[in-house]
Amino acid sequence: MLLKVKRGWELPENAATDESVYVNRRALMKGLGAGVIAAPSLLASMKSAHSAIEEDPTAKLYPVDRNEKYKGERPLDEEEKVLAYNNFYEFGSHKYISSAAQAMPLRPWTVTIDGLVEEPMQIDFDSLIGKVQLEERVYRHRCVERWAMTVPWSGFTMDQLVKIARPKSDAKYIMMKTLADESSMPGLKAGWFPWPYTEGVRIDEAMNELTFLATGLYGKPVPKQNGAPLRLVLPWKYGFKSIKSIVSFTFTSEQPVGFWEELQAKEYGFWANVNPEVSHPRWSQAYEELLSSRERIKTRVYNGYGEYVAHMYDGMEQQVGERLFR
Ligand SMILES: Nc1nc2c(c(=O)[nH]1)N[C@H]1C(S)=C(S)[C@@H](COP(=O)(O)O)O[C@H]1N2
Ligand SMILES: [Mo]
């Protein structure tokens with residue numbers, strides 16, 4: 001038992017950074033690039049991902065108009081790579097979970113909004129999506145493990161959800177949870193992880209114009225492996241903050257503790273703003289590698305989104321020290 005606990009601490013987001021995994025991904029990409037059928041099961045899973053998309057009742061909503069204000073500044077990543085290289089520990093602690101994720105049931109999908117709100121509610125995802133304004137935005141994504149991508153998300157700004165929720169004045173944070181479905185998520189058997197996956201934002205972060213709840217990707221509903229049907233996107237923070245397959249939003253007065261923070265607070269803090277100058281305890285964050293081109297480029301503070309978000313953290317450096325950015 002002790003051994004398992006120890007192993008759990010070693011695995012998260014860090015084993016995944018090991019060169020072995022990187023090498024595997026390279027081998028896979030090379031195979032795909034050369035048109036070699038390197039991973040038949042993977043190709044099969046991508047086909048089933050597409051048939052799942054066809055049955056989705058929201059599929060007719062896409063594509064939605066792109067908001068040209070938010071440009072990725074980099075070439076878009078290739079869709080098949082974004083759909084085949086994922087982080088979703090509920091389906092396994094490696095990157096090739098797209099096939100396993102197809103087992104996740106998406107309907108009915110009930111979203112709970114509770115805690116410090118005027119009226120707690122449960123709302124069906126298909127009716128929630130009818131209450132918001134959808135648009136497409138191209139955002140950069142930077143994983144704490146140093147891989148990065150640029151993708152077109154469809155979805156809505158999180159301030160629209162906050163307005164639907166009607167928070168009370170003492171609500172300061174929002175805690176979100178991912179579905180925890182034991183019958184479709186083999187990762188939940190790894191009992192040393194603090195399931196369900198949880199993440200949180202401060203309310204001003206939720207209201208920031210960049211903060212996006214994605215319902216679509218590449219002009220179609222979000223594939224299961226990327227966090228269907230509803231997934232947070234915080235482009236200035238490390239990827240682990242962008243919680244997938246959300247089932248609840250709880251408004252609280254206290255700062256929530258996220259899944260990775262609970263496992264290893266020193267490595268995965270609450271704020272997790274991208275910062276090339278603050279190393280992860282076990283690796284530098286100065287550079288990142290683009291998923292499709294494999295180009296190695298310099299990481300920018302706030303992942304280059306400082307003009308939108310830096311003001312939210314004014315004065316906080318003193319308060320929380322360097323961990324602000326971890
Ligand atoms: N529920 C849940 N959400 C999650 C994760 C996870 O394991 N479970 N991984 C996070 C991490 S570390 C990253 S980098 C992104 C990856 O998103 P993608 O697979 O769509 O690229 O999802 C984030 N959201
Ligand atoms: Mo990540």
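A polar contact is a pair of N or O atoms within 3.5 Å; within protein, one atom must be able to donate a hydrogen and the other to accept it, and residues adjacent in sequence count only if both atoms are side-chain atoms. This report uses that term for a predicted model, in which local features need pLDDT of at least 70 and side-chain atom pairs count only at pLDDT 80 or more, while totals for chains, interfaces and linings use all residues. Residues are numbered from 1 along each chain as its sequence is written, chains are lettered from A and ligands numbered from 1 in the order in which they are written, and side-chain values use heavy atoms, with hydrogens and water left out.

## Ligand 1

| Side chain | Ligand 1 atom | Distance |
|---|---|---|
| Asn 86 | oxygen | 3.0 Å |
| Thr 178 | nitrogen | 2.9 Å |
| Asn 226 | oxygen | 3.0 Å |

Taken alone, ligand 1 exposes 530 Å², and the protein buries 100% of that. Such areas come from the Shrake-Rupley method with a 1.4 Å probe; for residues, only the protein chains shown count as cover.

Where does ligand 1 sit? Its place is the largest cavity. A cavity is, on a 1 Å grid over the protein atoms alone, a set of points where a 1.4 Å probe fits but cannot get out. A molecule sits in one if more than half of its atoms lie within 2 Å of its grid points.

There are 19 residues around ligand 1, and those that come nearest are Tyr 89, Glu 90, Arg 231, Ser 242 and Lys 244. A residue is near a molecule if one of its heavy atoms lies within 4 Å of it. Sorted by class, this shell holds eight nonpolar, seven polar and four charged residues. In that sorting Ala, Val, Leu, Ile, Met, Phe, Trp, Tyr, Cys and Pro count as nonpolar, Asp, Glu, Lys and Arg as charged, and the others, Gly among them, as polar.

## Strand residues

Helices (H or I, at least four residues) and strands (E, at least two) are DSSP runs, numbered from the N terminus. Buried means under 20% relative accessible area, exposed over 50%, and partly exposed in between (1.4 Å probe, protein chains only).

Strand S3 covers residues 135-142 and contains Glu 135. Glu 135 counts as buried because its relative accessibility is 16%. The side chains of Glu 135 and Arg 137 are joined by a polar contact of 2.7 Å. Arg 140 also belongs to S3, and with a relative accessible area of 2% Arg 140 is buried. A polar atom of the Arg 140 side chain lies 2.9 Å from the backbone oxygen of Asn 303.

Thr 215 is part of strand S7, residues 212-217. Its relative accessible area is 3%, so Thr 215 is buried. Between the C-alpha atoms of Thr 215 and Gly 227, twelve residues apart along the chain, the separation is 8.5 Å.

Strand S9 spans residues 231-233 and includes Leu 232. Leu 232 has 0% relative accessibility and therefore counts as buried.

## Helix H6

How many of the eight residues of helix H6 (residues 158-165) are buried? Seven are, and the helix is mostly covered. The buried ones are Met 158, Asp 159, Gln 160, Leu 161, Val 162, Ile 164 and Ala 165. After H6 comes Arg 166, with a positive phi near 50°.

## Backbone geometry in loops

One runs from Tyr 62 to Pro 63, with omega near -5°; Pro 63 is in the loop between helix H3 (40-55) and helix H4 (79-82). Another runs from Ala 228 to Pro 229, again with omega near -5°, and Pro 229 is in the loop between strand S8 (220-221) and S9.

Positive phi values in residues other than glycine also occur in loops. Ser 245 has phi near 45° and lies between S9 and strand S10 (246-252). Is Ser 245 buried or exposed? Ser 245 counts as buried, because its relative accessibility is 0%. Arg 294 has phi near 60° and is placed in the loop between strand S11 (287-290) and strand S12 (296-298). With a relative accessible area of 36%, Arg 294 is partly exposed.

Terms used
On a 1 Å grid over the protein atoms alone, a cavity is a set of points where a 1.4 Å probe fits but cannot get out, and a pocket is an open set with protein on both sides within 12 Å along at least five of seven lines; lining residues have an atom within 4 Å of a point.
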